[in-house]
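Hi,

Here is the structure I promised to pass on. Have a look, and then read my notes below.

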Amino acid sequence: MKREALNIEELRRQARCALPRFAFSYVEGGADDEQTLKDNREVFARWRFIPPVLTDSSQRDLSVTLCGQSLSAPLLIAPTGYNGMLRFGADAMLARTAKRAGIAYIQSTVSTASIEEIAAENLPQHWFQLYVLKDRGVTTGLLERAKAAGCTTLVVSVDAVHFGNREKDKRNYRRPMKLSLSSLVDVTLHPGWVWRTLKPAGMPGFGNLKPYVPADKQRGAGGASYFSEQMDTCLNWETLAWIRSQWQGVLLIKGILAPADAQRALDTGADGIVLSNHGGRQLDGSVSAMEVLPEIRQLCGANATILIDSGFRRGTDVVKALALGANAVLLGRPMLYGVAATGEAGAQRALEIILQEVDRTLAQLGCTSVNQLGPHLLRPQR
């Protein structure tokens, strides 16, 4: 009997075996030299815990209230695109995993499943991530569909207006969206992936964009080409003000790193921000979100809603972010490793691992709730 994965790295290795090279590169790759990708993991070592002792932490409560919504833990499943390339039905698997755990699932604009398909899972916390497209009719249409589907929160991504140079990903193609011969051969060496991913419904598409994309561009390269052409490269603060006027629910701005931008986002009417460098996939050499978290928390005040992602693999990583001022953490790649490795069971296992690690870390720090975390429990390393 195969042993259950003990940590996210073991799930990562399982995912690498399960996926053809081009698909794993898509999940794993960063921009250019991948320095930011590397820094996103190394940054957590810059703080060490100072654990108090002789404190009764036998009972712990991980629950939080975020933007007026109750979550069982300070975690959310991050928006990730084109998950159908990992496994058929991956988006719904991630959504159900969030539902069972009592946390929010943030659905991507470029998810394989549509907003309506995920809404059918009856999630208590269904959030929607928006990429602003040139065609305002499409953007408005996505917003209206998110409202109709009962999405409680809109997360607007602002850090991918110009796509990063993801060389690891590009090496698998002979030209844009056309796999190289060696990559095609590698696909044949992964018949299980073909059976799990392509056999049920063929090449995955972009469920949310289907009403707007010409019929001959619904799937694969066609959909990706349409999306890249439609990204609004003129996105600015006035655009965000317009989106605020179109969306009456909770609004978060994702992709903030500059302290001044954090304050301006709140001043523009956002209910909160997500500190992120897009998992190291955009501008290589960007700072880690963890590096700017303390400064942004101090600038924006104790009551500001500040979420964070990029590089989280351990519960100790999550607890360090919470102690430095984050209200919650978005999990991206860890969840994708799980769903790629063993489907819904893998996604469930990934979340279980992080939750168990967060809970254990709180206990070892003598905390009975996440509200007791603070910078007094950390010491910066020089």
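This is a predicted model: local features need pLDDT of at least 70, side-chain atom pairs count only at pLDDT 80 or more; totals for chains, interfaces and linings use all residues.

Residues are numbered from 1 along each chain as its sequence is written, and side-chain values use heavy atoms, with hydrogens and water left out.

First, the helices (DSSP runs of H or I, at least four residues, numbered from the N terminus). Helix 12 (residues 259–267) packs against helix 13 (residues 289–300) at about 40°, and their axes are 9 Å apart. Axes here are lines fitted to C-alpha atoms over the stretch in contact, and angles run from 0 to 180 degrees between N-to-C directions. Pro259, Ala260, Ala262, Gln263 and Leu266 of helix 12 meet Glu295, Ile296, Leu299 and Cys300 of helix 13 (contact means heavy atoms within 4.5 Å).

Now the second largest pocket: how many residues line it? There are 24, and Phe88, Thr112, Ala113, Glu117 and Gly205 lie nearest its centre. (A pocket is an open set of points on a 1 Å grid over the protein atoms alone, where a 1.4 Å probe fits, with protein on both sides within 12 Å along at least five of seven lines; lining residues have an atom within 4 Å of a point.) Helix 4 gives the most to this lining, with three residues.

Cheers

Terms used
Helices (H or I, at least four residues) and strands (E, at least two) are DSSP runs, numbered from the N terminus.
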